[in-house]
Amino acid sequence: MKSRVAYFGVFTALALIFSYVETLIPISFGIPGVKLGLANLIIVIALYKMRLSEAYLLSVVRVVLSGFIFGNYFSIIYSLAGGLLSLTAMACLKKNDGFSVMGVSVAGGVCHNIGQLIVAMLVVETFSVAYYVPVLLVAGVATGLVIGLVANGMIRRLKDIQL
Amino acid sequence: MGENHTKKFRFKKKDWLLIGIIVVVAGAAFLFHELIGGEGAGVISVKVDGVLEGTYTLSKDQEISINGGTNILIIKDGKADMEEADCPDQLCVHQKAISKNHESIICLPHKVVVEVESAESGKLDGISN
């Protein structure tokens, strides 16, 4: 398709807008660090609509740009670790025919949290955050499921777009 | 497209299997922490950038200024809670109060780690209080 670059731009813009919308939602679930991960919705869709290399590029561009705009040096490192681990896990599950978009997204949500937790352990040089794992696992399943269901609907309706 | 296309959009057996395994692992980790962590907790250690700044007993109500005042920790009713921090995200302030073994409050911008330790190890290398 000729307009790959244009589509990539649209996906990047969408991911950024969702990052922004996320900062507007005051839901904190009472647990620090747990977010809905709206921008991941775009990454999941990109995974199904673009080449894998482009999905990775989108993920990195999204994290760096939204980090500069809404976050800081720390948030970029965290999001990058979470985003890349998450995308890698999702790409692996997607290759396996036994998983639907929901399953792929759940794996992505969980791995996103695990990636961030690993960086947190490295930064503060302690493993004591490990007690936080159950919370992050369950939160990852819940947010991944929501994102997966929405992504599922969108991918189905965007069936004419395939980059 | 056709049937093949619609199939991709339904939940599959492996989806539920994946979700089930993750939830079971989370439950097991939670139980492990609840069973192992409850006993023997007595002191908290405060580390800044990996260096021990002090250990404090949970049995005495007190206010601790960490890292030259960037963070204020309150110990009350056997629980330690981050009361104030001058970082923008305030994540450590929002974390719940800690009292069980190996629970921690972490302030990433200042690299402050507050962790509950068992009273025994606290006596061995206690610095203050």
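**Exercise 1.** How many salt bridges does the count between chain A and chain B give?

*Solution.* The structure is a predicted model. A salt bridge requires a side-chain nitrogen of Lys or Arg within 4 Å of a carboxyl oxygen of Asp or Glu. Between chain A and chain B, the count of such bridges is zero. Polar contact, by comparison, is found for four residue pairs between chain A and chain B, both residues being at pLDDT 80 or more.

**Exercise 2.** Determine which elements of chain A form the side that touches chain B, and describe that side by class of residue.

*Solution.* Step one concerns the elements: helix H4 (73-95), helix H5 (101-124) and helix H6 (133-157) of chain A each give two or more residues to this side. Step three concerns class: the side of chain A that touches chain B has 22 nonpolar, eight polar and four charged residues.

**Exercise 3.** State the extent of the interface between chain A and chain B.

*Solution.* Begin with the residues: 34 of chain A are in contact with 28 of chain B. Then take the area: the two chains bury about 2800 Å² between them, and 75% of this is on carbon and sulfur atoms.

**Exercise 4.** Where does UniProt place the feature "transmembrane region" in chain A, and what is the helix content of residues 5-21 and of residues 100-123?

*Solution.* The unreviewed UniProt entry places the feature at residues 5-21, 100-123 and 129-151 of chain A. Residues 5-21 are 100% helix and 0% strand, with end C-alpha atoms 24 Å apart. Residues 100-123 are 96% helix and 0% strand, and their end C-alpha atoms lie 35 Å apart.

Key
Residues numbered from 1 in each chain as written. Chains lettered and ligands numbered in written order. Predicted model: local features only at pLDDT ≥ 70, side-chain atom pairs only at ≥ 80, totals over all residues. Heavy atoms only, no water. UniProt positions renumbered as here; feature names shortened; annotations may be inferred. Helix = DSSP H or I, 4+ residues; strand = E, 2+ residues; numbered from the N terminus. Contact = heavy atoms within 4.5 Å. Buried area = accessible area lost by both parts, 1.4 Å probe. Polar contact = N/O pair within 3.5 Å; in protein donor to acceptor, adjacent residues only side chain to side chain. Nonpolar A, V, L, I, M, F, W, Y, C, P; charged D, E, K, R; others polar.
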